[in-house]
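Welcome! Take a moment to look over the model, and then let us walk through it together.

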Amino acid sequence: MKNQIFLIWMLFFVAWYNVFVEGQNIKDKTLDEDQCFICHKEMEILPENFSESDVHMKAGLSCAGCHGGDASNDDMEIAMSTGRGFVGVPTRKEIPQFCGKCHSKIEIMRVYQPRISTDQLSQYYTSVHGMQLRKGDQNVAECVSCHTSHSIYYSNDPRSTVYALNVPNTCNNCHGDKRLMEKYGLKANELTEYSKSVHGIALLENKDIGAPACNDCHGNHGATPPGISSISHVCGTCHINNEQYFKKSSMAAAFEEMDYHGCEQCHGNHLINRPNDNMVGMGDESLCMDCHSEGDPGYEAGEEMKNYLTLLVNSYNSAEAKLKDVQNKGMNDADIILLLQEAKQNLIQSRTLIHTFDPLKIKEKTDEGFKKVNEGVKLADFEINEYYSRRNGFALATVVFLILVIALYLKLKDMAKSRKNKEA
Amino acid sequence: MFKNLASKIESWLDERFDLTPIRNLIYHKKVPVHRTSLWYYMGGVTLFLFIVQVLTGILLLMYYRPGEDSAYESVRFIVTQVKFGWLIRNVHSWSANLMIFFAFLHMFSVFFAKSYKKPRELTWVSGFILLVFSMAFGFSGYLLPWNELAFFATKVGTDIVGVLPVVGEELKIILRGGEEVTGATLSRFFGLHVAILPGIFTLFLVTHLVLIQRQGMHEPEHFKSLPEKEKKYIPFFPDFALKDALLWLIVLNVIIFLALYFPWELGLKADPFTSAPEGIRPEWYFVFMFQSLKLLPAHILFLEGELLGILFFIIAGIIWMFIPFLKLEKLPNKIDILKYFGIIVVIFIIVMTIWGYLS
């Protein structure tokens, strides 16, 4: 036991030493002996966004790691000579290749991150940004536009410009510039729209990093607007069932024929609102009405689907009110809660099945929900009746008790009276 | 016809067992009547509540299954699925609390009436032991539903035992059945609650009742000094017994009322890996001790404050139990020192309990 404790302490010490003492030494050694850093710091000409916590700096790469030259020589002429491999500051067009000289080579990258992908450069040149840059467009984004040049952090570090919560603003640095975007026919209002969308609210307001940011739909290095053929795949990466149902539906073929964007046609792109039941059916908010009109089969199907959903929602709401009554009365609610949870699940599934555009399938699912709701209501009624019958039972028992108490009291009085008479 | 049958049975038994002592007790025992006679009924109510406990406890045993994976579930089953299970469980819980309340009331009424004096010293001692056992019943029964509050209250309660010098740690491990409160503790507490404690309790209860019947009801000082003609008595049977029955009926109705309108919540199942919820405190009859221990500083002289507090309560309990044997004569200016001591004890218990609930 004592040996085990000693071993644990030793392991703890070694881990602590490596992480804190050695880690600190590497950093200090890099900076203390790095002549680029020493001179540039002395002359106060370090890059504007220079950070000592930069991921490359932390890995011990320092300035010469990217810019070349001899970091061990304190003679500027020699250190920054082409003979010593100095390449200086790359032009905008050179930047992807500049970063790619390491990031495209797994033999270099695996030393730092064994699982990192090394196809960023090739992906980049397939993107609109990369293609434009190749054409000589100096306005498009390259590596440092998104990652910065000297404050680069891992993407899961909240300080990183490409951390999920920061991505919308990073993209907006260019895509929010109206004058710049006009050249490309873009509105520059994407962030404003996205912020109001269900995804934007989840990410930016609720800080849910599971919610999609720009790169989740458009891609990272291969960023491009999704086309008609790929839009449902993009949404389908998260909304799997919706995509599957839509693909198999009669509507998919019709959409393709009319060159409609699958999901986007009804839900929009950046400004995707939380869906509601009024999007189906015949009301003012109905999306079915955009294409269908009274008398056609689509109109009837829409009306039917809306009715099934409305009926289940209404009965679920009334069951929930009964559940609240049961809870207020302090009765057993556990089984009712479970049944209503299942019914809610059925309601969600029914809403997903809207993407089949098949009223029968929706009816089948809402019927399952009705069954659960009815069972829940039955149980709630039982509990409410039980509540009143317990009180009635108590009232009855109290009457019986009262009669017995009065009878006993009278008997005692009678006994006291007869004893008094006897004594007299 | 029934009268005939009853007298036939009586004579059959009398012929074989000689029922004269019982007949004497029933027909000749008398209970004094005076302005504080009401306190005579407190013991009877406590006894009635104990009977309710035994009966409802037996019914609960039909469905209760001790064990980490079954205790909570079985209590939940009792209160939700078993016919009248909710009533039996709530009556058991309410009756347990009222039993301890009436036991305290009974004890203090006996104390202030000085009924513990010679020749009733042993009646007092056996009564005090019964109160301690009642509290042990409460402590062990509290854990049985295996819910969150009970789990942590038991953890805190058994931790306090561990503070005792020399035997504390060992005693804690014996109580818990290990280092921590686990399923082993639950099994132990169950055994204690339904087998060991009832056995010992019944032994002391019978002793207590036999002593009371043997020595009769205590007559207060002022009653003794009355002329014989002015002394009033009622026969124990049927008058006193019927009055007892009348009070028992009222108490039973009150318990059912409480069980219906103020049911005991089952709460969440105990989870040893969660942090203790807020407001963890023992049952109300331990709160005055718990609050006192909380108020003590960490160290008093060279002793731990908590340890000193526990030792104080143990010594105070022992002194209280042996009060009939203490020869405390009245002070020269006729100050009844014990009466004031009793008042201080009552005020201390009430104030600390209220403080404990408010803090």
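This is a predicted model: local features need pLDDT of at least 70, side-chain atom pairs count only at pLDDT 80 or more; totals for chains, interfaces and linings use all residues.

Residues are numbered from 1 along each chain as its sequence is written, chains are lettered from A and ligands numbered from 1 in the order in which they are written, and side-chain values use heavy atoms, leaving out hydrogens and water.

Chain A brings 17 residues to the contact and chain B brings 20, where contact means heavy atoms within 4.5 Å. Together the chains bury about 1,800 Å², with 72% of it on carbon and sulfur atoms; buried area is the accessible area (1.4 Å probe) that two parts lose on being put together, summed over both.

How many salt bridges does the rule find across the interface of chain A and chain B? There is 1, taking a salt bridge as a side-chain nitrogen of Lys or Arg within 4 Å of a carboxyl oxygen of Asp or Glu. Arg419(A) forms a salt bridge with Asp239(B), and their closest N and O atoms lie 2.6 Å apart. On the side of chain A that touches chain B, α21 (334–353) and α22 (359–423) each supply at least two residues. The largest share, 14 residues, comes from α22(A). Helices here are DSSP runs (H or I, at least four residues), numbered from the N terminus.

Now turn to chain B, where helix α4 (residues 71–80) and helix α5 (residues 85–112) pack at an angle of about 115 degrees, their axes 5 Å apart. Axes are lines fitted to C-alpha atoms over the stretch in contact, and angles run from 0 to 180 degrees between N-to-C directions. Val75(B), Ile78(B) and Val79(B) of α4(B) meet Gly85(B), Trp86(B) and Arg89(B) of α5(B) in this contact.
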